[in-house]
Amino acid sequence: MEATQKAGFKAGLAAAAEAVVAAKDVLTKADQAIGDGDHGLGMARGFRAFAEALAKQDGGDAAASLQAGGRALMMSSGGASGAIFGTIFQAAGKALPPGDLPEPAALAAAFATGLQAVRDRGKAKAGDKTMIDAAEPAIAALAAGPQDLALALTAMARAARSGMEATRDMVATTGKARALGERSLGHPDPGAMTFTLWCEALAARMG
């Protein structure tokens with residue numbers, strides 16, 4: 001059973017990346033409402049590269065997988081979203097202890113480091129209608145969740161979706177959506193949606 005689990009986390013990361021690729025049209029539509037409509041294409045390109053990087057990697061080390069995937073995403077996706085998602089995965093991978101199957105607390109701490117790197121890079125904060133509004137509660141739920149990784153990831157995914165849905169009631173204060181002002185109300189943030197879809201697919205694969 002342990003060997004099956006250890007083979008699963010890298011596969012979970014790949015499945016989560018493929019889920020974002022498959023959601024290209026959904027993400028494009030979300031971005032057309034408050035952005036320039038290129039988010040879905042950029043994320044599909046970046047997460048496809050993420051999955052391809054994992055396929056080329058020997059072994060199943062979670063830290064190395066996150067770093068390799070994040071690097072590939074950043075190099076392939078382009079734009080601000082590519083930099084943001086590449087940053088969170090690379091920084092999380094650098095902070096995560098080596099091992100094929102991470103402990104929930106260690107994974108949460110690693111993603112907290114990744115999220116801080118995103119904040120440092122873009123200067124956005126919770127409430128600005130960005131992916132941070134999904135990532136922050138998701139990481140907190142992972143940290144506070146059960147010690148079973150699958151159950152902890154499920155809690156993470158639920159919190160991410162709640163955070164993403166909350167962005168509908170936020171006015172964008174950063175990025176291209178900022179120009180819309182209150183017209184951005186009623187629409188979820190595409191970056192928060194991407195992070196949520198990624199979390200949900202990872203939880204489903206690990207469950």
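Predicted model: local features only at pLDDT ≥ 70, side-chain atom pairs only at ≥ 80, totals over all residues.
Local features were considered only at pLDDT of at least 70 and side-chain atom pairs only at pLDDT 80 or more, whereas totals for chains, interfaces and linings use all residues. Residues are numbered from 1 along each chain as its sequence is written, and side-chain values rest on heavy atoms, with hydrogens and water left out.

The protein chain contains nine helices and zero strands, where helices (H or I, at least four residues) and strands (E, at least two) are DSSP runs numbered from the N terminus. In sequence order the pattern is α-α-α-α-α-α-α-α-α. The radius of gyration is 16 Å, close to the 17 Å that the globule rule gives for 207 residues, so the protein chain is as compact as a globular protein of that length. This radius is taken over C-alpha atoms, and the globule rule is 2.2 Å times the number of residues to the power 0.38. The C-alpha trace spans about 50 × 35 × 30 Å along its principal axes.

Of the 207 residues in the protein chain, 50% are buried; buried denotes under 20% relative accessible area, exposed over 50%, and partly exposed the range in between (1.4 Å probe, protein chains only). The accessible surface amounts to about 9,000 Å², and carbon and sulfur atoms contribute 55% of this area. Among contacts with a separation of 6 or more, 67% join residues 24 or more positions apart, a contact being defined by heavy atoms within 4.5 Å. The charged side chains comprise 21 positive and 21 negative groups, and the centres of the two sets lie 5 Å apart. In this count Lys and Arg are positive and Asp and Glu negative, while His and the chain ends are not counted; each charge is placed at NZ of Lys, CZ of Arg, CG of Asp or CD of Glu.

In soluble globular proteins, nonpolar side chains tend to be buried together. The largest nonpolar core of the model holds 54 residues, of which Phe47, Phe89, Phe111, Leu153, Phe195 and Trp198 touch the most other members. Helix H9 (residues 190-206) supplies the largest share of this core, with nine residues. A nonpolar core is a set of buried Ala, Val, Leu, Ile, Met, Phe, Trp, Tyr and Cys residues joined through side-chain atoms within 4.5 Å. Beyond its neighbours within four places in sequence, Trp198 is in contact with Leu13, Ala16, Ala17, Val20, Phe47, Phe89 and Phe111.

Alanine 201 also lies in helix H9 and is buried, with a relative accessible area of 16%. When neighbours within four places in sequence are set aside, alanine 201 is in contact with Ala15, Ala16 and Ala19.

Methionine 164, in helix H8 (residues 149-166), is buried at 2% relative accessible area. Not counting residues up to four places away in sequence, methionine 164 touches Asp133, Ala134, Pro188, Ala192, Met193 and Thr196. Glycine 40 is located in helix H3 (residues 39-56) and is likewise buried, its relative accessible area being 0%. With residues up to four places away excluded, glycine 40 touches Lys24, Leu27 and Thr28; the C-alpha atoms of glycine 40 and alanine 22, 18 residues apart along the chain, are separated by 9.6 Å. Alanine 106, by contrast, is partly exposed at 25% relative accessibility. This residue belongs to helix H6 and touches Leu96 and Pro97, residues up to four places away in sequence not being counted.

Most residues other than glycine have a negative phi. In the model, lysine 123 has a positive phi near 65°, and lysine 129 has a positive phi of about 65°. Lysine 123 is found in the loop between helix H6 (104-122) and helix H7 (132-144), and lysine 129 is placed in the loop between H6 and H7. Lysine 123 counts as exposed at 66% relative accessibility, whereas lysine 129 counts as buried at 2%.

Terms used
Areas by Shrake-Rupley, 256 points an atom, 1.4 Å probe, with all protein chains shown as cover.
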